[in-house]
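Here's a quick briefing to keep beside the viewer. Have a look at the model first, then read on.

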Amino acid sequence: PLSSSHGGSSSGSHNGKSNSKKATILSLAEAANLPVVTAIIPDSPAERAGLVVGDRIAAVGDYQFTGMSRSQVEKTLRQKFHAENYFGRADLTVAKQLVASFPLGSDDVNARYDADGNVVEEKYVFEDGWYRPKDNRQRIFNSMMPSEQVVGYKLSHVKSIPTTLTAKLGGPAYPLNAAPHEMSQQSKFPSVVGGDSIVHFELLTPDDSIFQHMTDSGERRLVGYIRLTRFSKSSTAGYINAINSLEEAGAQSYIIDLRNNYGGVIQEAMLTASTLLRDPHSVLCYTLNSRGGFKPQENQEYVVDTKYPGYLLSSESSTVSRDQVRREHPEYLEDGGWTSPTSYASLRELRMTRGIKPARTTSISSNSVREGGLERPTGSEIDLEKLADAMARNSQKKLVILINEGTASAAEVFASALHDNGRTVALVGTKTFGKGLIQHTFPMPDGGGLRLTVAEYLTPSLQHVTKVGGAKNDSGVKPDIRCESKQGIPQNIGADLCVGVALDVLESEGV
């Protein structure tokens, strides 16, 4: 159910057995050599037990890893606890991260220094899609922004976790590949459920959830829940099938669950994101390569693709995005007609020549368009572009995305593409893994490989997904509303705490 790695310097040898009283808190040095959980298999016993990426394994049963050297940990994992010869149920002692938040402006570790040791004052700041001179307001804002840092680990005992093979013998609680019509309304299971291990979907109603959500008039709220465990051709097909099934069932808003989604094929992630963004000129992400090339990945690149399924989850026509491309650049729809932008143009030039739209630091609320017209201050001119944008957003079904420490790579690109373009109501969960690198592996004569980072992805708001050098911002995509998965992700979606938080967010939006 999990994979592990380890690192750090040696902290002394240990035979793996101990009868002494265990400490409940470990320092960073004491936990340095413990095996690290680097991935969690979705819908696995480990996930339901509350293990998350970043946890460290301090002990398996009575066998302790604390105090062991790196080489001893490697040997033990390889010989004693290898997946092929470890069968049954495991009692784990897990070291979970203790995270503290520090204001960026109050921690000298986050500051940049010149050759003389003086703090370098930042002169420009990214705002409204462009770098602008920094003013006092931004200095105050930076001093308030929290930077998360791991300060230690707390030990937690997790009992009787079955290995993946052991768990498979019992079978799933309900058939993941069941067709929606096979689930009875009188069943204890959701009335609409389907999919497989890659894409799972359900229609959440008050009858299916411990979280009761109804309108003031007593009308039931129908929320479509879609879990994507990876991005691939199969996931794209499963996602479209899920949307069609939930739309037919009357879903009014949606929750997309990306927790423990390790990524996959980046092109499929961007194709999926493109179905939820109306404007072809929206930027899904930027790529920055090792030669200094900087290029936006435009939404319209996928809109003109023959695999594009259409604009989804909106009261507008599914062809509205493709129709806009047909009006502006009909040549893009011809076979081989798409031309990618240059990698060496400035953002201003790309906006002038390609019409790309920078990410918005604040999204336009659906309440800005009301019956009777657009609210605006007396004497001001109506911004027609903003009016059209607001009307388009008002026609979209509300969307919340769930993320956690196991959300990585292409899944982070997907989440930031929708969030930074104002398509989501909120990101709910915890900070993501932080892997936005493009790497090539070159084979070596001895059978090994040399992995080189040749490029990286930046979010539409021009933020690094991977922490680079002394960058102030932490790696990963940060949630708007924090909800930890340490309590476990239950197989019963209706009992999932973070799903309940997402439902509260949707309810606050009036859906």
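**Cysteines, sheet and helices**

Cys285 is buried, with a relative accessible area of 1%; buried means under 20%, exposed over 50% and partly exposed in between, using a 1.4 Å probe and protein chains only. This is a predicted model, so local features need pLDDT of at least 70 and side-chain atom pairs count only at pLDDT 80 or more, while totals for chains, interfaces and linings use all residues. Residues are numbered from 1 along each chain as its sequence is written, and side-chain values use heavy atoms, leaving out hydrogens and water.

**The disulfide**
- There is 1 disulfide in the structure, a disulfide being a pair of cysteine sulfur atoms within 2.5 Å.
- The partners are Cys483 and Cys498, with 2.2 Å between their sulfur atoms.
- Cys483 sits in the loop between β22 (481-482) and α12 (497-508) and Cys498 in helix α12, so the pair ties together parts 15 residues apart in sequence.
- The link of Cys483 and Cys498 is left-handed, at -100° about the S-S bond.
- Both ends are tucked away: Cys483 is buried at 6% relative accessible area, and Cys498 is buried at 1%.

**The sheet**
- An open sheet of 7 strands runs β10-β11-β12-β13-β18-β19-β22, with mixed pairing; two strands pair if DSSP finds at least two bridges between them.
- At the edges stand β10 (193-195) and β22, each with a single partner strand, so one side of each has no neighbour in the sheet.
- In general, strands of a sheet pair through backbone hydrogen bonds, either parallel or antiparallel.
- Strands β18 (residues 399-403) and β19 (residues 426-429) pair in the parallel sense over 4 bridges.
- Leu402 has Val428 in β19 as its bridge partner.

**Helices on the sheet**
- Helix α12 packs on the sheet, touching β11, β12, β13, β18, β19 and β22, and its direction makes about 155° with that of β18.
- Helix α5 (residues 233-249) lies across β11 (199-204), β12 (223-228) and β13 (253-257), at about 15° to β11.
- For those angles, axes are lines fitted to C-alpha atoms (for helices, over the stretch in contact), and values run from 0 to 180 degrees between N-to-C directions.

**Whole chain**
- The chain has 12 helices and 22 strands, taken as DSSP runs numbered from the N terminus: H or I with at least four residues for helices, E with at least two for strands.
- Of the 511 residues in the chain, 47% are buried.
- Among contacts (heavy atoms within 4.5 Å) between residues at least 6 apart in sequence, 72% join residues at least 24 apart.
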